[in-house]
Structures are given as C-alpha cells and as structure tokens.
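Please look through the predicted model below before reading on.

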Amino acid sequence: MAELARNNAPQKSLRGNSFLLWIEAWKSFKKNKLAVVGLFIVIVFIFLALSAPYITPEGINDQKLADRLLPPSSEHWLGTDDFGRDILSRVIHGARISLWVGFVSVIGSIVVGCFLGILAGYYGRWVDTIISRFFDIMLAFPSILLAIAIVSVLGPSLRNALIAIAIINVPNFGRLIRSKVLSIKQEEYVTAAKAIGMRDRRILFFHILPNSMAPIIVQGTLAIATAIIEAAALGFLGLGAEPPAPEWGKMLADSKNYLVQAPWTMFFPGIAIMLTVLGFNLMGDGLRDALDPRMKN
Amino acid sequence: MTKTLLEVEKMKKYFPINGGILGRKIGEVKAVDDVSFSVFEGETFGLVGESGCGKSTTGRTLLRLHEPTDGKVKFNNQELTNLSLSELRTVRRDVQMIFQDPFASLNPRQTVEKILEEPLIVHKIGTPKERKQMVIEMLETVGLSSYHAKRYPHQFSGGQRQRIGIARALMTKPKLIIADEPVSALDVSIQSQILNLLDDLQKAFSLTYIFIAHDLGVVRHICDRVAVMYLGKIVELSNSEKLYKKPLHPYTEALLSSVPIPDPTYEREHIELSGEMPSPSNPPKGCSFHTRCPHSMDICKTVQPEFEEIEQDHYVACHLYNKNEQL
C-alpha cells in the first residue's frame, strides 16, 4: 500500500530530481520538532569543535594556579578547575575529541560491520555461521567491559580507546546489515540482476547495499551517541585520553575530588556530554521516523 | 523445419525440506519433476497451470536462477547445465526474463536510465554515450518517453513499470525471453496493452518467448504452443489451437471449462475439480492427477502415465489415451 500511496504524490515537482528520496526524507524529518532540536544541538557542537582554537578565550593548558577553582564569573564564564584552567575553553576543545571519537569509531564500525554482515547475509551457510557466532560471542560481553579489556591489551590512549569503541560496535552493525541483506536478497530486483548476468560484487554494491543504507544511517547516528558516552567512560576510568587532553570524561574524573567545593568543575563537562548525546539521540530518532518505511505504515 | 532454440530434457528441481534438531534434510518438495520440452525459434511457448504447480520454478530453473537438481537444458545447442558461472553470465545476454511483479522487480533506488543501462554495462556493450542513446531509443520502443529516463520506478504506474521491465529485458537484444506472468499483476485494460506490446516486440526483434501464465484466455491470445503443468509435471503439450478445441487430458479439460466466455447465453458443461492440489512434497503414486480426476481408473493409482505423442504435435500423459496399455 505504501507503494500505491507514494504513486499519488504530486509528480510535477519531483521530476528529474536525483536526490528525490532524500528530499522526501528531509520533509518528514522537518516535521519532527524534537529531531530538529537534536540536529540543532549537533550542529552547534560540530561548529564549536571545528572553530575551537579561534573562539576559546584561553588555551587548554593555560595554568594559573592563583586562579584555581574560581566559580563562574564574567572573566571565566564556566569557572576554572584545580589548575586554574578555563573550563569553557576546555569544554569547547573537548567537543573536538568527543566528536572525533564518535564519528571515526562509528565509521570504522560501519565499514567493518557492513563488510562482515554482507558476507554473512549474502553467502549464508558456513560463512554466515562463523561470522554470526563471532558476533554472538562479542555481544555476550557487556560492551564497556569488552572495551576496557581491549584498551588494557592495547594500552591506554585516546587512539586505542577509539579502536576499542569501534570494535565493540561492529557486531551491532554487522547484525543489522546481515538481516537487511537477508531480506533484500529475496527481492525480485536482485533476482532480476542475476538474470541480467551481473556479478555478485555488482549486485552487492549497486543493489543490496544502497537499499540497506537507511537503517545504517539511523543506527549510526544513535551509535555516535553511545560512542561518545563510552569514550567519556573510558576517559573517566583513565583508559582513554591522557592528560592534559581536555576529554570530557577525563575532566569529570579529575574534578570529582572537588565536587563539594567547586561543583562547576564537574557540572559543565557533564552537561556537555549530556547535550551531545541527547542531540544525537533525538536526531537519530527523527531519522528513523523519516527513513524507515516500516514506521510510515 | 523451424530451428529448436531451447531444449529441456528431464529437468528436475527438488527443494530440500530441512527439519529436526540437526537441521538435516527430512524431505523434498518436487517443484519440477521430470519436465521435457523444446522451444522453437520465433514461437511463443506457453506454460500454464494453477498456482504452485511449478511453472515459475521451471522458468527460473531454465535460467539457472535455481540450480536444477537433474536434467539438461540446451540453448542454441549449448548446454547450460554444465557451464561455469562466468560462462553462464555471457549466455544471459541472449536469455532474459520479464518478471511478474513490476513493483518488486525494479530497484527503487535507481533511475530508469540506470536500470536500463545496467545490462549494457554488465555485458560491456557500447560507450557511455552510445548507451544513453540506446536507453532513450528503447524507452520509445516500449511506449515511454525520453524524459522518463531520469525518474524513479515509484513515479510510474504498474503498466508503465512493466514496460520498463520489458525494456530492461530487451536492452541486450536477447533471443529468448522468459516472461513470468508478465500481465497477471496488471489491470485487465493494461494487460491487453502489454500483450500487444509483447506481440509487436516479438515481430520487431524476432524474439522467442516462453510465456508463463495461469490465465488461459491470455495464453490463447498470445501463444503458439502450450504446455499444461500439474504438480511439477507437464501433462499435455500441443499447439494452442488444438489444445483449446480438443483438450485430451482431463485436467486441461477442467482448466478450459473454467475460462469465462463472454456470451451469457452460451451453455456448457462445467467440470468442477474437487479437492485441493496434493502437496508436492508428497505427490500421489501413479498419475499425480488421479486424486482429483473424474475418469480415474485403477491403473492410474499405481502406474505413472508416459508422456506420449498421441496425435501429431500433441503430447499427453494420461492412461485414457495410452494405446499400448488400454485393455
């Protein structure tokens, strides 16, 4: 029925537009107010991250011991920490680290997960068994525990935390793609592609992959949120970014001893984590509604 | 003498049923069971039967979209059944398929231009510029316009989409087209347009069709010879004129008596079949039709009838006509 309903859409305005499906998705995304708020938050943080060196009042490691643990004021909008560093500057720089970890680790998970998921879904049989059982084993561990284990093997650093987060997210994407491939494989246009004489590789990349992208984009957006939390958690545990990097989780850990005297040292990095994660989650939910045809029915 | 383009010899396709704790094979569905026929160049060969009788599976197994369990398929004197996958791909340039569901058989993320260009890319035909030109020409050949090229499938009606499906099948200039119920998903008014289009294209491109359908009226209109399938087997094969005038197999008789005739005053004997088609995973012994056959005899329950030429060009598998065995 969805097909029929779409057929009735006005055809004139859509003629010859190759981004048509995305435009339709954007139209339905726009209607969701919360999703637009999420998108706005994400854009603000991306802007902060990109322009951090130009807009921050102080450097990330400008220590002024005389000014330590100052409350928010006109000079230091968000106060200072125990080394007298400007928290606003550090939070803004922290956005760079968190977003970088979020995007890169999720892209890594998507690439590896898609590859494995496609192999498992398309070829089936023993390939599927091996890959799926491997995913099951990875999912049997609580993800943060697995991340801690991987980081302790690789050694604590921001890069290794990023790798660990990418690895623990692989099975989520792998399973998603596998199930999508399994259903698309049965579609008649894939049979048609075979009948035309296409190679498997072409069928996979031109027919199956483009048709399974929508849930990947949704899951990817939501996974960025989780990745940011996980990076912060690893940072908090001392397994992620190393000092003096202004990583939000690390900042929380460093300031936990001053919780009573100077709560702002902990409050603002925490708010930053919460806002970015909230932004990505709202945006992800909106994308799901806009891109997932099952939600439309 | 017309040339034989496709020859199918004792083709079988059994699908395994897996079950039990270990997922071992516990049975099989005999979707196509020992089917033999030939298709001559330039003709339209009809394959009819009720749903689930294995006619679509036959079409797909011919193309090795399903691997046949047993038997031989010869196309243009080349055996398809033992070709490697890459050799098979080159043959696919000459054998194309039109699908039943025009909504499902086109990739929703590709423009019509891409859909039609792809067979050319795959078979390395022409330069990009030539290919664009060929796409435009083909769109016009099937009754669409050049400005349709940039649109997506969902912007078309069912009939238009089926035209796109037909255009895609014709891009590589094939010799044989397997049309798997190409009109059964369309409105009756559109059906005739598409049938006429197929007819015109056959003349223009000297095509051979294997036309799979369950609508005998449609088949009569378009086919030269017709094979009737029941439970994975061909029970009768003849040219369509003979088959419609004088059906031999009781199943064909019953099928034909169910075709509506646009004359309210016309009275005829209506043969009603009782019961359901038996499960192809457990077909009855002897003649597979004996459970529903109004003329069932003792021999039908035990001996499988041979598929024999009763009159010239009229083959049937039924004990009623088997001269050697008649008592």
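In chain A, the residues A:Ala214, A:Ile217, A:Val218, A:Thr221, A:Leu222, A:Ile224, A:Ala225, A:Ile228, A:Ile229 and A:Ala232 of α10(A) meet A:Ile273, A:Thr276, A:Val277, A:Phe280, A:Asn281, A:Met283, A:Gly284, A:Leu287, A:Arg288 and A:Leu291 of α12(A). Two residues are in contact if their C-beta atoms, placed from the backbone, lie within 7 Å. The residues of this contact divide into 15 nonpolar, four polar and one charged. Here Ala, Val, Leu, Ile, Met, Phe, Trp, Tyr, Cys and Pro count as nonpolar, Asp, Glu, Lys and Arg as charged, and the others, Gly among them, as polar.

How do the two helices lie? The axes of α10 (residues 213-236) and α12 (residues 264-291) of chain A come within 8 Å and cross at roughly 170 degrees. Axes are lines fitted to C-alpha atoms, for helices over the stretch in contact, and angles run from 0 to 180 degrees between N-to-C directions. The crossing angle therefore makes α10(A) roughly antiparallel to α12(A); angles over 145 degrees count as such, while those under 35 are roughly parallel, 65 to 115 roughly perpendicular and the rest oblique. The crossing is left-handed, a term used if the near helix is turned anticlockwise from the far one by less than a right angle, with clockwise giving right-handed.

This is a predicted model, in which local features need pLDDT of at least 70, side-chain atom pairs count only at pLDDT 80 or more, and totals for chains, interfaces and linings use all residues. Residues are numbered from 1 along each chain as its sequence is written, and chains are lettered from A and ligands numbered from 1 in the order in which they are written.

Chain A as a whole has 13 helices and zero strands. Helices (H or I, at least four residues) and strands (E, at least two) are DSSP runs, numbered from the N terminus. Of the 297 residues in chain A, 43% are buried. A residue is buried if 20 or more other C-beta atoms lie within 10 Å of its own, exposed if 12 or fewer, and partly exposed in between, with C-beta atoms placed from the backbone.

Chain A also touches chain B, in a contact that takes 23 residues from chain A and 26 residues from chain B. On the chain A side, α1 (2-7), α8 (188-196) and α9 (200-211) each supply at least two residues. The largest share of that side, seven residues, comes from α8(A).

The largest nonpolar core has 153 residues, and B:Ile210 is one of those with the most contacts inside it. Such a core is a set of buried Ala, Val, Leu, Ile, Met, Phe, Trp, Tyr and Cys residues joined through C-beta atoms within 7 Å. Not counting residues up to four places away in sequence, B:Ile210 touches B:Val39, B:Phe45, B:Leu47, B:Gly59, B:Leu176, B:Ile178 and B:Ala179.

Two loop residues of chain B remain. B:Asn77 lies between β4 (70-75) and β5 (78-79), and has a positive phi of about 65 degrees although it is not a glycine. B:Asn77 counts as exposed because it has 9 C-beta neighbours inside 10 Å. B:Ser206 lies in the loop between α6 (188-205) and β8 (208-213), and its phi is near 40 degrees, again positive in a residue other than glycine. B:Ser206 is exposed, with 10 other C-beta atoms within 10 Å.
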